[in-house]
Structures are given as C-alpha cells and as structure tokens.
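Take a look at the model shown here. The paragraphs below walk through it, from confidence to fold, core and surface.

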Amino acid sequence: MEILSTVGSVLAIIAMGGIPFVIMNRRSHNKNLRSLNNLKALANESGAEIVSHNIWNDNSIGLDPQAKKLFFINKIQLIDMNTVIDLRDVLKCTLLTTSRNEKTNEGSQRVIDKVDINISFRNKKKPDTFMTCYNSSIDGMILNGELQLAEKWVKIINVELANIN
C-alpha cells in the first residue's frame, strides 16, 4: 500500500512539474499558427500561396515561387509591419549585419546588434527594403538562430532571382 502511495505521489509531482511546459508549448504552437495564418492571409491578398516559410520571434517570412512573391511580417509593439515584394522587381538580395566590438578581459569580441535581409530593386529610384530578422534592442542580446535563418533566406531569394534573370 505504501508503494502505491509513493508511486502516486511521484506521478503527481511529475505531472505538476510538466504542466507549465505543456502550457508554454501550447501557447508557442498557437502563436506560430496565428503567425502562419497571418502570413497566408497576406499572400492571399496578393493572389499568392505560401509554399515555404519560417516563423521566429515576432517575424514571419514566406515565399510563393510560382507568383514570384516574397512576404515578410515583422510585429513591432503589437503592430504588424507587412512587406510584399515582387521578386521580378528585385536586382539583388544581401545580408546586412550591424555589429560592434566590445572590450572583454581577453581582448575584444564582436557583438551583433542587428541582422537584416536587404532587397535592392532594379528601379534605382525605389529605396532598398530592409527586413529585420534580429534587433538586439527588441529581441534581447542573444542571437537564437536568427543569423542562420537570415542567411538561409538570402540564399533562397537569390536562387529565385537567378531563375527570373
């Protein structure tokens, strides 16, 4: 009888300890689902369909290679900043990082403050578009895969541009 009571107590403690993780995971999943739905809605407004996408922090990026359109949503202080880019109008895509050197006991260390995907257009009168993937003043001081994600999307966009040209 004591064994059953001990086993029951252990299971109850494990369940109680796991509940916060289940709740956090569910909230994260729901937030990602809302972001994906917003991205799909933005694409639908342009008569496009998201084929590939990524969602991180408060950002979403997606591509419709058939329609040659790129979609980016950056939520800043509860406001969605939507960007739709027709890749047929794009000259080039580059990765921009803003960084600084911080002095440490061992010397100095490069600290990345901002990561942007930069879109330059064929029409020189149209200003470049900067899609911010990471901003240390908003996203915190630690990069969490944002640089690699931006590099991935610069490659994807440049492959699409090569197929257009």
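Start with helix α1, residues 2–45: confidence in the chain is lowest there, at a mean pLDDT of 64. Confidence is highest in α3, at a mean of 95. These values matter to the reader, since this is a predicted model. Across the chain, the mean pLDDT is 84. Of its residues, 78% reach 70 or more. Over residues 21–29, pLDDT stays under 50. For that stretch the model has 0 contacts beyond four places in sequence.

Now the overall layout. The chain holds 3 helices and 7 strands. Read along the sequence, their order is α-β-β-β-β-β-β-β-α-α. The chain has 165 residues, and buried ones make up 32% of them. Take the contacts with a separation of 6 or more: 42% of them join residues 24 or more positions apart.

Next, the interior. In soluble globular proteins, nonpolar side chains tend to be buried together. Here the largest nonpolar core has 24 residues. Those with the most contacts inside this core are Leu-70, Ile-85, Leu-87, Ile-117, Ile-119 and Ile-157. Which elements give two or more residues to the core? They are β2 (59–64), β3 (69–76), β5 (90–104), β6 (107–121), β7 (129–135) and α3 (146–164). Helix α3 gives the most, with 7 residues.

Ile-76 lies in strand β3. Is this residue buried, exposed or partly exposed? Ile-76 counts as partly exposed, because its relative accessibility is 35%, and that falls between the 20% and 50% cut-offs.

Last come the charged pairs. Side chains of opposite charge can pair when their charged atoms come close. A search of the whole structure finds 4 salt bridges. One of them joins Asp-86 and Arg-88, whose closest N and O atoms are 3.1 Å apart. Arg-88 is partly exposed, with a relative accessible area of 42%.

Arg-100 takes part in two of the pairings described here. With Glu-102, the closest N and O atoms are 2.2 Å apart. Arg-100 has a relative accessible area of 30%, so this residue is partly exposed. Glu-102 is partly exposed too, at 35%. The side chain of Arg-100 also meets that of Asp-113 in a salt bridge, at 2.9 Å from N to O. This pair links distant parts of the chain: Arg-100 sits in strand β5 and Asp-113 in strand β6, 13 residues apart. Asp-113 counts as buried, because its relative accessibility is 16%. Through shared partners, salt bridges join Arg-100, Glu-102 and Asp-113 into one network.

How values were computed. Residues are numbered from 1 along each chain as its sequence is written. This is a predicted model: local features need pLDDT of at least 70, side-chain atom pairs count only at pLDDT 80 or more; totals for chains, interfaces and linings use all residues. Side-chain values use heavy atoms; hydrogens and water are left out. A nonpolar core is a set of buried Ala, Val, Leu, Ile, Met, Phe, Trp, Tyr and Cys residues joined through side-chain atoms within 4.5 Å. Buried means under 20% relative accessible area, exposed over 50%, partly exposed in between (1.4 Å probe, protein chains only). Helices (H or I, at least four residues) and strands (E, at least two) are DSSP runs, numbered from the N terminus. pLDDT is the predictor's confidence in each residue, from 0 to 100. Contact means heavy atoms within 4.5 Å.
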